[in-house]
Amino acid sequence: MDYKLQLNAQAILQKKFNGAKSGYNALEVDSYLDQIIEDYEKVENGKLLSTKEYDTLVKKVETLMSKNKDLEIELSKYKSRLKDIKETDNVSKDNIDLLKRINALEKFIFEKGFDPSTIK
C-alpha cells in the first residue's frame with residue numbers, strides 16, 4: 001500500500017504564517033514545527049529505505065524459492081534411491097569393526113598371492 005503525504009519536511013520548513021498580535025507565541029509554534037519536520041524527515045527516510053529493503057527482500061524470496069524447489073527435487077531423488085533402506089538398518093560400531101577385520105584378512109590373503117575376489 002502506497003501512502004501519499006500532503007506535506008514534506010521542506011514544505012513545513014518553508015511555510016510562512018501571517019502575523020497576529022493576539023495569536024500564538026511564535027517561538028512555541030516554531031519549536032513545534034521543528035519537531036514535526038524531524039518526524040517527517042524520519043518518515044521520508046524510512047519510506048525510501050523500506051522500498052529498497054522491500055525490493056531486496058523480494059529478490060531474496062525468489063532466490064530462496066528457487067533453491068527450495070531444487071532441494072525438493074533433490075530430496076525426492078534421494079528418497080527414491082534410498083526407499084529400500086529400513087530405519088533399522090543402522091551401521092553400528094560392531095559392523096565397522098567387522099568390516100575392518102574383513103579388510104585386514106583380504107589384504108593378508110592378497111599378500112600371500114591369492115586374489116580375495118576369486119575365493120568362494
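A: Glu38 lies in helix α2, which covers residues 26-81; helices (H or I, at least four residues) and strands (E, at least two) are DSSP runs, numbered from the N terminus. The model is predicted, and local features need pLDDT of at least 70, side-chain atom pairs count only at pLDDT 80 or more, and totals for chains, interfaces and linings use all residues. Residues are numbered from 1 along each chain as its sequence is written, and side-chain values use heavy atoms, with hydrogens and water left out.

Glu38 has a relative accessible area of 47% and is therefore partly exposed, a class that falls between buried (under 20% relative accessible area) and exposed (over 50%), with a 1.4 Å probe and protein chains only. Together with Asp30, Asp34, Asp39 and Glu41, Glu38 forms a negative surface patch. Patches are made of residues with over 30% relative accessible area and no salt bridge, like charges being joined within 9 Å and nonpolar side chains (Val, Leu, Ile, Met, Phe, Trp, Tyr) within 5 Å. A salt bridge is a side-chain nitrogen of Lys or Arg within 4 Å of a carboxyl oxygen of Asp or Glu. Asp and Glu count as negative, Lys and Arg as positive, and His and the chain ends are not counted; the place of a charge is CG of Asp, CD of Glu, NZ of Lys or CZ of Arg.

Lys42 is also placed in helix α2. With a relative accessible area of 59%, Lys42 is exposed. The C-alpha atom of Lys42 is separated by 9.4 Å from that of Ala9, 33 residues apart along the chain.

Val29 is a further residue of helix α2, and its relative accessible area of 31% makes Val29 partly exposed. Phe17, Tyr24 and Val29 make a nonpolar surface patch of about 390 Å², accessible areas coming from the Shrake-Rupley method with a 1.4 Å probe, where for residues only the protein chains shown count as cover.

As for the setting, the protein chain has 3 helices and 0 strands, in the order α-α-α from the N terminus on. Of its 120 residues, 3% count as buried. The chain exposes about 12,100 Å², and carbon and sulfur atoms supply 56% of that area.
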